[in-house]
Amino acid sequence: MSDLNFLTIAEASRLIATRKLSPVELTEAYLARIEALDHLLDSFVTLTAERARAEAKAAEATIAASGPVSRMHGIPYCLKDIYDTAGIRTTGMSKLLADNVPTRDSYCQERLAAAGGVLLGKNATWEFAHGGPSWDVLFPPARNPWDRDYSPAGSSSGSGAAVAAGFSPATLGTDTGGSIRSPAAACGIAGLKPTYGLVSRRGVIPNCFSHDHAGPLAWTTEDVAILLQIIAGHDPEDPGCADVPIPDYAAALTGDVKGLVIGVPTTWLEDEAPPSAPTKAAFEAALEVFRSLGATVRPVTLPPLKQFDDAKKTIAVAELFTIHAADLRTRPDLFGASLRYRIIAGGLVRAEEYIQAMRQRTDLARAMQAVMATVDVLMLPTNEPAGKLEPIPPASLFTRTSFTTPFNVGGNPALSVCSGYAANGLPFSLQIVGRLFDECTVLRAGDAYEKATPWRDQRPVLVAKETA
Amino acid sequence: MTAMPTNDEIALLARQAGLDLKPEYFQELVDAYGNVRRMIDRIPTGRPRGDEPAHVFVPTKFLPVTE
């Protein structure tokens, strides 16, 4: 293990820019750690070592000649295996795409390559970013680096595990109901679901068009901001992509949250889905940190969680079925059982039912924005700490409530950051939600919190656990 | 709540959806559809005619791309 594996993007970028660190040296450190330890976590499904070495060498030469073109220049990263990568297989973890090699990069991969990043490989996901964890798909499920018996959550499971384990400082995931924020929460890192339409989904295998978001995961909020700066922007090839000005996200990280008004959805937390006592205590402690920094906290009332879940999941099951209909009709055996269960009934959803759910989404999104107009951010736990890595009854997708899904319905930016550690060592999580396209305030709050707390000083110890 | 369709009715709906499922997958469908049906039944209906769904067609998104 090398200390290089635990540099943040911001730290590595500064060292590279001042010629104190070589992108080749940095890349070799990550490749060595992945080679030595990823058999414990299965966070990568494809490693692109030779390509990474070539990109690192090219980055080093360019930086030596003319300086870095971005803060990601010479920095390694990886991608959830539903982002198309030209010439590199993109499987979605599914037997259906075992031999799928795209001929064109996804928009985000184009942006990261143009920024001089070094692609290490592709991360494990739940099948097609929806069904899992599964043991009957193309690759085994990823494991949580804080405890291998525990789940890294999903669906960007390998992405969360890889960053927490020091296999990569950066990765991109996708989030349709919580799939960036939940792995970030389970693995104790930062993960941002940007505003719907801020980041292009072109070249990303769809889960549910109307709720899909692409976004970054990294160890710190500052690193998430650096990644967002690279991938945010209008892409006319994604019809859902918004043409809006892109601010300087790093410049927004002032550390100042004095006067910030924080809304807490108390009816969710007290009546509808009360968190466990330890999670509640961690959340209250996080709010106290913000109070000590000069923020104010007030209760807000949002529509019931169940309404968000019902609308989103009805829409999603219909869209998922449409996306996979041909394969469900002709070769259903190639789906993992978890995903097949979760999408097959979408074929029986009538058009009227789908459109009524979309109308309900309109109402819920309006209600969400009305509440957001009264506060600067919302805060709530992202999830409970990770559970054991074991099969989840597939019906639970339809029955459990979620603190993450409402912000896919509303489209609002939502960041998960680490907010401490439970008695068993697994991370607690804090979710910070902003107004539409106000990523700056969300990131500012997350960064200020991380800098006011000690949680970023602690890393999972993979080797010690294995040799204990 | 809408009455849950019988297995025969679900089989008909499945055929209309182009699904010709072996018995164990059909049972998966019956179980999954029960969950989906309960969600759908909770979604409000009886809306004004003019209520737009969350996705509408935005023609400017389909203008030719100019570099």
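Which residues have the most contacts inside the largest nonpolar core?

**View 1. The largest nonpolar core of the predicted model.** Ile189(A), Ala190(A), Ala218(A), Val377(A), Ile432(A) and Val36(B) have the most contacts inside this core, which has 147 residues. Helix 10 of chain A (residues 305-330) gives the most to the core, with eight residues. A nonpolar core is a set of buried Ala, Val, Leu, Ile, Met, Phe, Trp, Tyr and Cys residues joined through C-beta atoms within 7 Å. Helices are DSSP runs (H or I, at least four residues) numbered from the N terminus. This is a predicted model, in which local features need pLDDT of at least 70 and side-chain atom pairs count only at pLDDT 80 or more, while totals for chains, interfaces and linings use all residues. Residues are numbered from 1 along each chain as its sequence is written, and chains are lettered from A in the order in which they are written.

**View 2. Gln307(A) in helix 10 of chain A.** Gln307(A) is buried because 20 other C-beta atoms lie within 10 Å (buried: 20 or more such atoms within 10 Å, with C-beta atoms placed from the backbone). Pro406(A) is 99 residues from Gln307(A) in sequence, and their C-alpha atoms are 8.8 Å apart.

**View 3. The side of chain B that touches chain A.** Here 27 residues of chain B are in contact with 33 residues of chain A (contact: C-beta atoms, placed from the backbone, within 7 Å). Helix 2 of chain B gives the largest share of this side of chain B, eleven residues.

**View 4. Surroundings of Val36(B).** Leaving out residues up to four places away in sequence, Val36(B) touches Thr314(A), Val317(A), Ala345(A), Val349(A) and Phe398(A).

Methods:
Buried ≥ 20, exposed ≤ 12 C-beta atoms within 10 Å, placed from the backbone. Helix = DSSP H or I, 4+ residues; strand = E, 2+ residues; numbered from the N terminus. Contact = placed C-beta atoms within 7 Å.
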